[in-house]
Amino acid sequence: MKITSSRAIAPERAVSNSTTSANVPPMVRAFFGAIPQGDFLNLLRRFSQGIGCSYNVVYCAFSSAKEDGSLAGTTFGALEESTTLSNADFLNYLEKVCAAYLSNNPEDSAVVNERLKTIKLKFPV
């Protein structure tokens, strides 16, 4: 079953509006702002498998897996600039983006919540 949405998620606003803009690293805003319309569920699928991705010149990459299979640290970057987040910060921003997506796409709630649960297991706080 392929699930795609035709509605935009405006994730960059979800991240910047959820906390003071000064606290959100520019690379995090740039990455979530670059997600193509209709690709958010694919992004969550990749994240749930511990696989990063890139859109144009911005990327999200995960550290190597620990012995227990969990991951520690997420790097967002573009060209020569990057920032690395703790698992707690990564999950905080991702939850806010998921909430913004679901506000426009409530029919995808089960898929988003299932993938977010899997992602949380891969990124222990």
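In what order do the elements of the chain run from the N terminus on? They run α-α-α-β-β-β-β-α-α, and the chain has five helices and four strands. Helices (H or I, at least four residues) and strands (E, at least two) are DSSP runs, numbered from the N terminus.

This is a predicted model, in which local features need pLDDT of at least 70 and side-chain atom pairs count only at pLDDT 80 or more, while totals for chains, interfaces and linings use all residues. Residues are numbered from 1 along each chain as its sequence is written, and side-chain values use heavy atoms, with hydrogens and water left out.

**The whole chain**

Begin with all residues displayed. Of the 125 residues of the chain, 42% count as buried. Buried means under 20% relative accessible area, exposed means over 50%, and partly exposed lies in between (1.4 Å probe, protein chains only). A contact means heavy atoms within 4.5 Å. Among the contacts in the chain with a separation of 6 or more, 55% are between residues 24 or more positions apart.

**Helices H3 and H5**

Select residues 40-48, which form helix H3, and residues 109-122, which form helix H5. Their axes come within 8 Å and cross at roughly 30 degrees. Axes are lines fitted to C-alpha atoms, for helices over the stretch in contact, and angles run from 0 to 180 degrees between N-to-C directions. H3 and H5 are therefore roughly parallel to each other. In this scheme, angles under 35 degrees count as roughly parallel, over 145 as roughly antiparallel, 65 to 115 as roughly perpendicular and the rest as oblique.

The crossing of H3 and H5 is left-handed. A crossing is left-handed if the near helix is turned anticlockwise from the far one by less than a right angle, and right-handed if clockwise.

Now show the side chains: Leu41, Asn42, Leu44, Arg45, Phe47 and Ser48 in H3 meet Val111, Val112, Arg115, Thr118, Ile119 and Lys122 in H5. By class, the residues of this contact divide into six nonpolar, three polar and three charged. Ala, Val, Leu, Ile, Met, Phe, Trp, Tyr, Cys and Pro count as nonpolar, Asp, Glu, Lys and Arg as charged, and the others, Gly among them, as polar.

**Helices H3 and H4**

The axes of H3 and H4 come within 12 Å and cross at roughly 150 degrees. That makes H3 roughly antiparallel to H4. Which residues meet here? Phe40, Leu41, Leu44 and Phe47 in H3 meet Phe90, Leu94, Val97, Cys98 and Tyr101 in H4. The residues of this contact divide into nine nonpolar, no polar and no charged.

**Aromatic rings**

A pair of aromatic rings is described by the distance of the centres and the angle of the planes. Rings of Phe, Tyr and Trp (its six-membered ring) pair if their centres lie within 6.5 Å; planes under 30 degrees apart count as stacked, over 60 as edge-to-face and the rest as tilted. A search of the whole structure finds 12 aromatic pairs.

Select Phe47 and Phe90, an edge-to-face pair with 5.6 Å centre to centre and 65 degrees between the planes.

**Helices H4 and H5**

H4 and H5 pack at an angle of about 175 degrees, with their axes 11 Å apart. That makes H4 roughly antiparallel to H5. Within H4, select Leu102. Is Leu102 buried or exposed? At 19% relative accessibility, Leu102 counts as buried. Leu102 touches Asp108, Ser109, Val112 and Asn113, not counting residues up to four places away in sequence.

**Strands and loops**

Select Thr74 in strand E3, residues 74-78. At 0% relative accessibility, Thr74 counts as buried. Its contacts beyond four places in sequence include Phe90 and Phe123.

Finally, select two loop residues. Asn56 is found between strand E1 (53-55) and strand E2 (58-62), and Leu79 lies between E3 and strand E4 (81-85). Asn56 is exposed, with a relative accessible area of 77%. Leu79 is exposed, with a relative accessible area of 68%. Phi of Asn56 is near 55 degrees, a positive value in a residue other than glycine. Leu79, although not a glycine, has a positive phi of about 50 degrees.
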